[in-house]
Amino acid sequence: ITIAVAGVSAWQQQGALERSDRRYWLEHERPGWTYLFGESVEGTWLGAHAVSARYIRERASPGDVVAVTEAGLIPFVTNLETVDVLGLNDRAIANLWQSAARDERVSKQEGLPSLRQWSYDITQRVFGRSPRWIVLDGHFGDGGSFVPRLGIGGWMIDDMAFAEFREVFRARVYDGSVTGLGRDRVNVVFERPLTP
């Protein structure tokens with residue numbers, strides 16, 4: 001009986017979720033069981049990644065490189081070389097993050113100001129891979145300027161190499177009015193135009 005009640009409850013909840021306007025989730029906020037009832041990622045952060053990736057795939061050349069702060073589906077849909085700035089697929093960037101964390105701990109223990117050389121090193125490593133596309137995650141502030149969600153996104157924007165990039169596409173990750181945050185979270189695709 002317990003299994004039957006749980007099954008009926010899950011079925012009813014899934015139906016309500018599919019009909020709800022509040023289907024805007026981050027991966028860790030969306031209940032895991034909702035993935036069991038379908039393969040749709042619409043309305044999730046992965047859905048925004050898929051839309052961004054399709055935009056890139058339709059316009060990219062085979063040798064293009066994409067730099068991302070959250071890879072999601074982007075490498076799989078674009079089928080392009082992808083640099084995850086968090087170091088998930090680049091040992092040198094991963095080592096920089098590890099040494100940065102170690103340096104932060106040491107500076108706190110010794111009461112010294114933290115060193116920020118590693119943020120420069122990471123952005124240099126990313127731009128050294130010559131990405132044509134950059135996908136950043138964040139929101140737009142009151143003045144209409146883009147505010148990255150992660151610090152590394154801000155460091156990339158502040159890098160001189162970023163001046164070559166222009167915004168070309170936005171994909172809403174979730175609706176700010178639904179979540180109560182008062183702002184939409186978006187994936188923004190930036191492109192470095194090809195030189196003639």
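The model is predicted, so local features are taken at pLDDT of at least 70 and side-chain atom pairs at pLDDT 80 or more, while totals for chains, interfaces and linings use all residues. Residues are numbered from 1 along each chain as its sequence is written, and side-chain values rest on heavy atoms, with hydrogens and water left out.

**The chain as a whole**

The secondary structure comprises seven helices and six strands, where helices (H or I, at least four residues) and strands (E, at least two) are DSSP runs numbered from the N terminus. Along the sequence these elements follow the pattern α-α-β-α-β-α-α-β-β-α-β-α-β. Of the 196 residues, 42% count as buried, a term that stands for under 20% relative accessible area, with exposed meaning over 50% and partly exposed in between (1.4 Å probe, protein chains only). Among the contacts (heavy atoms within 4.5 Å) with a separation of 6 or more, 56% come from residues 24 or more positions apart.

**Aromatic rings**

The whole structure holds seven aromatic pairs; rings of Phe, Tyr and Trp (its six-membered ring) pair if their centres lie within 6.5 Å, and planes under 30 degrees apart count as stacked, over 60 as edge-to-face and the rest as tilted. Two of the pairs involve Tyr55.

| Pair | Arrangement | Centre to centre | Between the planes |
|---|---|---|---|
| Tyr55 and Trp133 | edge-to-face | 6.5 Å | 90 degrees |
| Tyr55 and Phe169 | stacked | 4.5 Å | 15 degrees |

Because Tyr55 lies in helix 2 (residues 45–59) and Trp133 in strand 3 (residues 133–140), their pair ties together parts that are 78 residues apart in sequence. The pair of Tyr55 with Phe169 links helix 2 to strand 5 (residues 166–174), 114 residues apart. Tyr55 is buried, with a relative accessible area of 14%, and Trp133 is buried at 0%.

Elsewhere, ring pairs join Phe127, Phe140, Phe146, Phe162, Phe165 and Phe190 into a cluster. Arg170 lies over the face of Phe140, 3.6 Å from the ring centre, by the criterion that NZ of Lys or CZ of Arg is within 6 Å of the ring centre and within 35 degrees of the ring normal.

**Asp84**

Asp84 belongs to strand 2 (residues 81–84). Asp84 is buried without a salt bridge, and the nearest side chain of opposite charge, Arg149, is 9.9 Å away; a salt bridge requires a side-chain nitrogen of Lys or Arg within 4 Å of a carboxyl oxygen of Asp or Glu. A polar atom of the Asp84 side chain does, however, lie 2.8 Å from the backbone nitrogen of Leu86. Leaving aside neighbours within four places in sequence, Asp84 is in contact with Val68, Thr69, Ala71, Asn89 and Ile93.

Definitions and conventions: Lys and Arg count as positive and Asp and Glu as negative; His and the chain ends are not counted. A polar contact is a pair of N or O atoms within 3.5 Å; within protein, one must be able to donate a hydrogen and the other to accept it, and residues adjacent in sequence count only if both atoms are side-chain atoms.
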